[in-house]
Each structure stands twice: as C-alpha cells, then as structure tokens.
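Subject: Handing over the structure

Hello,

Here is the structure I promised to pass on to you. Have a look at it first, and then read on for my notes.

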Amino acid sequence: QPPLVESGGDLGQPGGSLRLSCAASGFTLELNNVAWFRQTPGKEREGLSCIAAHIKNTYYADSVKGRFTLFRDVAKNTVFLEMKNLKPEDAGEYFCAIGGSCNGLPIRPGNYRYWGRGTQVTVSS
C-alpha cells in the first residue's frame with residue numbers, strides 16, 4: 001500500500017461539505033507535519049493547511065480560513081480535512097504531503113518531500 005493515500009473527494013454542492021482523509025501506512029503519521037494542497041489545472045499548486053507533529057498547531061491559507069479545518073486522528077493514523085461552505089473555486093485535486101515545515105504561512109509545496117496521489121473534488125456551480 002502507498003505510504004500516503006487520500007480519499008473522500010466527491011461532487012460537492014456550493015455551500016455544502018466534504019471530508020477528505022489522508023491515511024498513512026507503514027509509519028506513524030503523528031510524527032510528521034502534514035499539509036494539504038490543492039491543484040487546479042493551469043494554476044500553481046496551493047498550500048491550504050498544515051498541522052504540526054505532536055501538537056495542535058494549525059495554519060490555514062486565506063482562501064480556506066474559517067471554512068476548512070485540519071485535524072488528526074492518532075488512533076486511525078489519519079489526518080482529515082473538513083471542508084465546509086464549499087465554493088466552486090474549491091474544485092481541484094487535493095493532495096496531502098509530509099516531510100516539510102509547518103510553522104506559518106505560506107505553506108510551500110516545495111518544502112514537502114512525500115506526497116499522496118490525490119483525490120478529486122468537484123463543486124457544482
């Protein structure tokens with residue numbers, strides 16, 4: 001099984017909610033900073049949120065602040081991204097990643113070394 005697997009992407013409605021999962025296999029996810037990114041075709045990959053290893057510190061990009069929440073379930077070895085009040089511009093491919101820093105903004109994709117393969121989110125307009 002791949003070390004990081006995203007799931008939960010689906011067709012969402014404007015104003016609706018989705019929950020994305022980032023599940024780790026073969027290692028303990030809580031030992032790592034974990035970040036979520038969004039890739040839209042033709043646009044730069046955007047860092048959305050991250051959570052620091054072992055602590056509850058989280059950071060959010062302005063585009064999702066107040067709507068998205070990142071949290072960790074240690075027992076499930078999984079990090080979740082709760083997305084609320086979805087907007088059409090939230091559509092894209094969502095990736096989780098580890099191996100980077102999580103101490104503020106911006107959350108830079110170039111700082112993260114290991115990535116899942118992504119899960120697609122579509123939002124109707």
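Predicted model: local features only at pLDDT ≥ 70, side-chain atom pairs only at ≥ 80, totals over all residues.

Residues are numbered from 1 along each chain as its sequence is written, and side-chain values use heavy atoms, with hydrogens and water left out.

Aromatic rings

Rings of Phe, Tyr and Trp (its six-membered ring) pair if their centres lie within 6.5 Å; planes under 30 degrees apart count as stacked, over 60 as edge-to-face and the rest as tilted. The count by this rule is four aromatic pairs. One of them is stacked: the ring centres of Phe 71 and Phe 80 are 5.1 Å apart, with the planes at 25°. Phe 80 counts as buried, at 5% relative accessibility.

Phe 95 and Trp 115 make an edge-to-face pair, with 6.3 Å centre to centre and 75° between the planes. Phe 95 belongs to strand S9 (residues 92–98) and Trp 115 to strand S10 (residues 114–115), so this pair ties together parts that are 20 residues apart in sequence. For reference, helices (H or I, at least four residues) and strands (E, at least two) are DSSP runs, numbered from the N terminus. Phe 95 is buried at 11% relative accessibility, while Trp 115 is partly exposed at 25%.

These two rings also belong to one aromatic cluster, made up of Phe 37, Phe 95, Tyr 112 and Trp 115. Which rings does Arg 45 lie over? Arg 45 sits over the face of Phe 95, at 4.4 Å from the ring centre, and also over the face of Trp 115, at 4.8 Å. (A charge sits over a ring if NZ of Lys or CZ of Arg is within 6 Å of the ring centre and within 35 degrees of the ring normal.)

Disulfides

With a disulfide taken as a pair of cysteine sulfur atoms within 2.5 Å, the count comes to two. Cys 22 and Cys 96 are joined with their sulfur atoms 2.0 Å apart. The torsion about their S-S bond is about 70°, so this disulfide is right-handed. It links distant parts of the chain, with Cys 22 in strand S3 (residues 18–24) and Cys 96 in strand S9, 74 residues apart. Cys 22 is buried at 0% relative accessibility, and Cys 96 is buried at 0%.

The other disulfide joins Cys 50 to Cys 102, S to S 2.1 Å, and is right-handed, with 90° about the S-S bond. Cys 50 is in strand S5 (residues 46–51) and Cys 102 in the loop between S9 and S10, 52 residues apart. Cys 50 is buried at 0%, as is Cys 102 at 8%. Numbered in sequence order, the bonded cysteines pair as 1-3, 2-4.

Backbone details

The peptide bond from Leu 105 to Pro 106 is cis, with omega near 0°, and Pro 106 is in the loop between S9 and S10. Asn 77 has a positive phi near 55° and is found in the loop between strand S7 (68–73) and strand S8 (78–83).

Best wishes

Definitions and conventions
Buried < 20%, exposed > 50% of the residue type's maximum accessible area, 1.4 Å probe, protein only.
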